[in-house]
Amino acid sequence: MRALIAGLITVFKHLFMRPVTLEYPEKKRFQSDAFRGKPEVNLGENGCIGCGVCKKVCPSGAIEYIKNDKGEVDSYNFDLKKCIFCGNCKFYCPKSAIKLTNEFELGTVDKRELILEYKRRVND
Ligand code: SF4
Ligand code: SF4
């Protein structure tokens, strides 16, 4: 009987409290600047120089890139099937060319979409 009353008191207390859940996906919780979501790379001006540090420090082998004859990175891939969003690539990049965005809704039924491919634009 005592447990039942304690349970009812808890229920009534929560009736007058603000909910702690959100109506996701209509409402989303604020993400801090330190959040590590979808990775992006800048292959444009003042961006990636193809030094290879990101690839070396990536613990899961999620990064691949292709260089052209001039040594510039033409194409750069993050494999989200492997990426663990550790942030090493961003932290060690000497050009600050990588950022981990706030984007976290990365689920898909097509695994080809889990390869994030960035290409150098011709005029860059
Ligand atoms: S560490 Fe930065 S500059 Fe070096 S290859 Fe990776 S993204 Fe490019
Ligand atoms: S966040 Fe970590 S696991 Fe993902 S690509 Fe960068 S270094 Fe690799």
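Reply: Strands (E, at least two residues) and helices (H or I, at least four) are DSSP runs numbered from the N terminus, and two strands pair if DSSP finds at least two bridges between them. This is a predicted model, in which local features need pLDDT of at least 70, side-chain atom pairs count only at pLDDT 80 or more, and totals for chains, interfaces and linings use all residues. Residues are numbered from 1 along each chain as its sequence is written, while chains are lettered from A and ligands numbered from 1 in the order in which they are written.

Me: What is the order of the strands in the open sheet?
Reply: The open sheet has three strands, with antiparallel pairing. Five bridges join β2 to β3, and five bridges also pair β3 (residues 73–79) with β5. The order is therefore β2-β3-β5.

Me: Why is one side of β2 and of β5 left without a neighbour in the sheet?
Reply: β2 (63–67) and β5 (115–119) each have a single partner strand, so one side of each lacks a neighbour because both stand at the edges.

Me: Which residue in β5 is the bridge partner of N77?
Reply: N77 of β3 is the bridge partner of E64. F78 has L116 as its bridge partner in β5. For N77, the partner in β5 is E117.

Me: Which residue in the hairpin of β2 and β3 takes a positive phi?
Reply: Five residues lie between the strands of this hairpin. The positive phi is near 85°, and the residue is G71.

Me: Which residues come nearest to ligand 2?
Reply: Counting C-beta atoms, placed from the backbone, within 6 Å, 14 residues lie around ligand 2. By class, this shell has 11 nonpolar (Ala, Val, Leu, Ile, Met, Phe, Trp, Tyr, Cys, Pro), three polar (the others, Gly among them) and no charged (Asp, Glu, Lys, Arg) residues. Those nearest are C58, C83, C86, N88 and C89.
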